[in-house]
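Here are some notes to read alongside the model.

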Amino acid sequence: MQLGCSTILFGGHSLDTALAGISRAGYATIELCAIPGMADHLPAEGSPDDYRLIRQKIADAGLTIESVGASTNLLDPDRRARFVRLLQAAALLGAPAITTGPGGVSDDEASFRQVVAVLRDLARAAADTGVKISLKPHVRQAAYNTPTALRLMAEVDSPWVGLNYDPSHLWRAQETPEAAIPALRPYILTARIRDAVSREPGGPGPVEQQIPGQGAMNLPAIAQGLKTVPTLRSVVLEIVGARDLPAEAVQQVIERSKQALDRYFA
């Protein structure tokens, strides 16, 4: 199992700084983020030459692309059009997947059906590019726990759409994240890892509590569960709230996290 790091941790810094830091910390792969306001390391309007240069930079750092991180509101037509452009960019980069939340709102049947309809359309765009869409069950969105994620997968019913397993969101949905893995296993395309203390939907907590081993989740059990997903090749560190930290402080966070993750995934 490879360990990766999302460039979202370096959201306030350049892609060059992110790649150098992630490589120095010993990670093997990255989620390359294209999220305005959080971590915009990949332009949606780039040229093929732009994407070739980015791909070469990543390779020169000794890293591979696990996915393009493109979290957005897919129900907004303009943002959905940008997402399709990022699908095309991901293909040029050689990324196997693109990640986002499902959108919509929780426990609203009309919203759920709208999300399904949008994802069925996007599945065709994914098939055209050869890049799979990996959806994170996300607090306050249409799919936010195991039952709603399974329903979404059943109704979208496409090999080009799967799940981005993030235990911290299931934790905040009042689930036991490791217990959800057997049910979700057939659909897991990608996986994120961080710790958390709070079980409130607002957020996983301060950066310090998201460092693996500093929260309350059973990360060793989660790691063991993820090892049983036969198609999962890497697990990616994703900590939010680090955007405004100096690069040196972000580096400390990802290095401490790597030391903990090495123990869990050894």
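1. Arg113 and Glu109 sit four residues apart in helix H4 (residues 109-129), which means that about one helical turn separates them. Helices here are DSSP runs of H or I with at least four residues, strands are E runs of at least two, and both are numbered from the N terminus. The two side chains form a salt bridge, with 3.0 Å between the closest N and O atoms. For that term, a side-chain nitrogen of Lys or Arg must be within 4 Å of a carboxyl oxygen of Asp or Glu. Arg113 is exposed at 51% relative accessibility, whereas Glu109 is partly exposed at 37%. The cut-offs are under 20% relative accessible area for buried, over 50% for exposed and in between for partly exposed, using a 1.4 Å probe and protein chains only.

2. A word on the ground rules: this is a predicted model, in which local features need pLDDT of at least 70 and side-chain atom pairs count only at pLDDT 80 or more, while totals for chains, interfaces and linings use all residues. Residues are numbered from 1 along each chain as its sequence is written, and side-chain values use heavy atoms, with hydrogens and water left out.

3. Lys258 is buried at 13% relative accessibility, and Asp262 is partly exposed at 36%.

4. Which parts does the salt bridge between Arg194 and Glu238 tie together? Its closest N and O atoms are 3.1 Å apart. Arg194 lies in the loop between strand S8 (188-193) and helix H8 (207-210), and Glu238 in the loop between strand S9 (234-237) and helix H10 (247-265), so the pair connects parts that are 44 residues apart in sequence. Arg194 is buried, at 2% relative accessibility, and Glu238 is buried too, at 8%.

5. Salt bridges link Glu31, Glu66, Lys136, Asp166, Arg192, Arg194 and Glu238. Over the whole structure, the search finds 17 salt bridges.

6. Strand S1 (residues 2-6) is largely enclosed by the rest of the structure, because four of its five residues are buried. S1 pairs with S9 in the parallel sense over four bridges; two strands count as paired if DSSP finds at least two bridges between them. Within this pairing, Leu3 has Val235 of S9 as its bridge partner. S1 also runs parallel to strand S2 (residues 29-35), with three bridges joining them. There, Ser6 stands opposite Glu31, and Glu31 is one of the residues in the salt-bridge network.

7. S1, helix H1 (residues 15-25) and S2 form a right-handed β-α-β unit. Right-handed here means that, with the strands pointing away from the viewer, the path from the first strand over the helix to the second runs clockwise.

8. The largest nonpolar core has 87 residues, and Leu9, Leu152 and Ile254 touch the most other members. H4 supplies the largest share of this core, nine residues. A nonpolar core is a set of buried Ala, Val, Leu, Ile, Met, Phe, Trp, Tyr and Cys residues joined through side-chain atoms within 4.5 Å. Setting aside residues up to four places away in sequence, Leu9 touches Leu237, Glu238, Ile239, Ala242, Arg243, Val250, Val253 and Ile254; contact means heavy atoms within 4.5 Å.

9. Where do the buried residues of helix H9 sit around its axis? In H9 (residues 219-226), Leu219, Ile222, Ala223, Gly225 and Leu226 are buried. They cover an arc of only 160 degrees, so they lie on the same side of H9; the arc is taken from the directions from the helix axis to the C-beta atoms. Their cover includes strand S7 (161-165), helix H6 (167-172), helix H7 (177-184), S8, S9 and H10.

10. Gln141, in the loop between strand S6 (132-135) and helix H5 (146-156), is buried at 17% relative accessibility. Beyond its neighbours within four places in sequence, Gln141 is in contact with Gly101, Pro102, Gly103, Gly104, Val105 and Ser106. Pro186, in the loop between H7 and S8, is exposed at 64%.
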